[in-house]
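Here is a short report on one chain, from its local turns to its overall form. Please look over the sequence and the model before reading on.

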Amino acid sequence: MKPFGVRKIELSGRFPIPKEVREEISIKSDDPVEFFTDDGCIGIMKYKERCCICEANNDVKPFKNNFICQNCKDEIIIMANRKKEAC
Ligand SMILES: [Zn+2]
């Protein structure tokens, strides 16, 4: 991790995200972000949809009213084909 300066948290709990940080993680005004905590630190990342099965956030596509990654989709197809063969 690299430091980007010090900011004060407002009474409302808001704080400005330094421009350099926004540029580094490619976020702009109105983009959704996710917060994480780890051992006393806060992490912020650009929000990406997650797979409803394994929680991966790469190669995720809409599936019905949720999102699913390609790996889980492939596993479901393999399991469905095995079930068809067993019948
Ligand atoms: Zn998945």
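In the hairpin of β1 and β2, D39 takes a positive phi near 50 degrees. The hairpin has 2 residues between the strands. This is a predicted model, in which local features need pLDDT of at least 70, side-chain atom pairs count only at pLDDT 80 or more, and totals for chains, interfaces and linings use all residues. Residues are numbered from 1 along each chain as its sequence is written.

Strands β1 (residues 33–38) and β2 run antiparallel and are joined by 6 bridges. Two strands pair if DSSP finds at least two bridges between them. V33 has its bridge partner, K46, in β2. Strand β2 (residues 41–46) is hardly covered, with 0 buried residues among its 6. A residue is buried if 20 or more other C-beta atoms lie within 10 Å of its own, exposed if 12 or fewer, and partly exposed in between; C-beta atoms are placed from the backbone.

The chain has 2 helices and 4 strands. Their pattern along the sequence is α-β-β-β-β-α. Helices (H or I, at least four residues) and strands (E, at least two) are DSSP runs, numbered from the N terminus.

Confidence comes next. pLDDT is the predictor's confidence in each residue, from 0 to 100. The chain averages 92, and 100% of the residues score at least 70.

| Element | Mean pLDDT |
|---|---|
| β2 | 89 (lowest) |
| β4 (residues 66–69) | 96 (highest) |

Is helix α2 buried or in the open? Of its 17 residues, 0 are buried, so α2 lies largely in the open. Helix α2 (residues 70–86) should span 24 Å at 1.5 Å a residue, and its end C-alpha atoms are 24 Å apart, which agrees. The expected span is 1.5 Å times one less than the number of residues.

G5 lies in the segment before α1 (19–24). G5 is exposed, because 7 other C-beta atoms lie within 10 Å. The C-alpha atoms of G5 and P18 are separated by 8.1 Å, with the residues 13 apart along the chain.

The chain is divided into domain 1 (1–47) and domain 2 (50–87). These bounds come from an automatic or database domain assignment. The C-alpha centres of the two domains lie 32 Å apart.

The C-alpha trace spans about 65 × 30 × 25 Å along its principal axes. Buried residues make up 5% of the 87 residues.
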